[in-house]
Amino acid sequence: MTRDDDMLQATRRRFLIEAAALAGVVGIAVPLAAKPTSATPASMRAAIRKIIGEAPLNKGKVKIDVPPLIENGNAVPLTISCESPMTADDHVKAIHVFAEKNPQPNVVSVQLGPRSGRATVSTRIRLADSQKVIGIAQMRDGSFWSGEAEVIVTLAACLEGV
Amino acid sequence: MRPAAAVVFATAVLGATATAGEIPLADRKSGYEFMARETRAMQDDDTANPGMLWVLDAEALWKRKEGSAAKSCADCHGDARASMKGVAARYPAFNAARGRPVDLEERINICRTEQQQSTPLPFESKELLALAAYVGQQSRGMPIEIADDERTKPFLQAGRELFTQRQGQLNLSCAQCHDDNWGQKLAGAAIPQGHPTGYPLYRLEWQTLGSLQRRLRNCLFGMRAVSYPLGAPEYVDLELYLMWRARGMPVETPAVRP
Amino acid sequence: MARALINAPAKAKRGEIIEIKTLISHNMETGFRPDNTGKPVPRDIITDFICKYNGQEIFRAELFPAIAANPFLTFSTIATESGALSFEWTGDNGFTATESVNITVE
């Protein structure tokens, strides 16, 4: 699984460089060469395990609202919402967001409660590459729920010189 | 070129309502229209627009006493919301003392050195960008209006030449992308028409507020052409031409762009 | 100067869910970006954000380098009583910033 991902990464990188050369915009080569090592799905799974321990991760209840095609990975608007009545007995205690291929998988962790009214949080995040963004909601009853979204990140055409 | 011939040439070129390749006035679109819905939402909401953080900074800078004259901007100009209304919409403008047009950042520094008896603020410094954004924001929504000034005509022509000349390793001119191929894609991103309606602006690529000069240098880098040094008159000539090219379009400062 | 912009309603009805938008200036240096020599620029980010409603914590966030520069956070709370909404950001290198707005609840 990991080797396939690495090959996909290398192929995508090569494609981008070749496409850039064709387009004549050589500036794109600069940030790609300086790109740091990215997280693997395995390190993201480890980061998730750190939060949820051995508890099962149920799919559902969490919605990730992010544009499918991003103009610039430096500031990606993200809204994460979770179905919940947000009462004292039944509410979302925390939401944790992860990005599969960023250098570090954690994005943000927020703590909510019955005073929140709604389990909805918005922010702007950085995405280093096209990848999956995952949100995990921690409920008062100790259960964990997850939702995800697949995002494509493009690069600006005219970049800064070094 | 002999002076007489130069005048005839300049009049002929500038007198024409539209040279080949120039975008017809009615077809002009701001870079705003090429952005994704979410980026537009960032610009539209003053409490989500990071550029407004610099405007907030400038509200304090405006009142700060500077230099050996111990004067603040407010001491001469009072409330910026009244005194600076429409100012950014007509810059770059001719400066008689310099004998050439200056852009807004240069004009702010002229005030700093001559009125406040202080040092000029460095280009791209947080404070200069903040003041330019603050003054620019006072013109938000107003149409860009470069004065029909005889004295600026040669500089306007110089700017137009810079825009249309082929340069750099790729032998590209600004006009080839921004007049002839706007709307099409370059490496996945839409090519805008290149109207500086919102400067200084928050460019997501920079993760900070930046000036038109900085953006032009990015373009020159992308074209593999030699950049002029910071503060070079060539940038102001080009800015003058670009603002004239965008005449009538509303100011958007502080804008957000990808 | 770390400046913050807060968007919260000045007035609300008791029991109404209000949306609070916060924006603060900060570079959020990730620690992964290489400088001119290729060495990574050291991490310098805001790590924590707390919102209190009349002294009671109603929202908390832990931020990582993946949060974009000039962190923007929007969340909600129930308007329970008139008073003050206070905001505190803390981060690397001893960074702190605070802001506060008033709210009238009828």
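**Entry 1: helix α3 of chain B.** I listed the buried residues of α3(B) in this predicted model. They are B:G51, B:M52, B:L53, B:W54, B:V55, B:D57, B:A58 and B:L61. I then checked the helix as a whole: α3(B) runs over residues 51–61 and is mostly covered, with 8 of its 11 residues buried.

Next I looked up what those buried residues pack against. Within chain B the partners are α7 (126–137), β5 (201–203), β6 (208–210) and β7 (256–257). Chain C contributes β1 (4–7) and β3 (17–24) to the packing against α3(B).

**Entry 2: helix α3 of chain A.** I took the span of α3(A), residues 41–52, from its first C-alpha to its last. Its 12 residues reach 16 Å, close to the 16 Å expected at 1.5 Å a residue. I also noted the residue that follows α3(A): A:G53 has a positive phi, near 65 degrees.

**Entry 3: chain C against chain A.** I looked up the contacts between these two chains and found 22 residues of chain C in contact with 27 residues of chain A. On the side of chain C that touches chain A, β5 (56–63) and β6 (72–78) each supply at least two residues. The largest share comes from β6(C), with 7 residues. By class, I have 16 nonpolar, 4 polar and 2 charged residues on that side of chain C.

**Entry 4: strand pairing across the two chains.** Which strand of chain A pairs with β6(C)? I found β7 of chain A, residues 120–125, paired with β6(C) in the antiparallel sense over 2 bridges. For A:S122, the bridge partner in β6(C) is C:T74.

Terms used. Residues are numbered from 1 along each chain as its sequence is written. Chains are lettered from A and ligands numbered from 1 in the order in which they are written. This is a predicted model: local features need pLDDT of at least 70, side-chain atom pairs count only at pLDDT 80 or more; totals for chains, interfaces and linings use all residues. A residue is buried if 20 or more other C-beta atoms lie within 10 Å of its own, exposed if 12 or fewer, and partly exposed in between; C-beta atoms are placed from the backbone. Helices (H or I, at least four residues) and strands (E, at least two) are DSSP runs, numbered from the N terminus. Two residues are in contact if their C-beta atoms, placed from the backbone, lie within 7 Å. The expected span of a helix is 1.5 Å times one less than its number of residues. Ala, Val, Leu, Ile, Met, Phe, Trp, Tyr, Cys and Pro count as nonpolar, Asp, Glu, Lys and Arg as charged, and the others, Gly among them, as polar. Two strands pair if DSSP finds at least two bridges between them.
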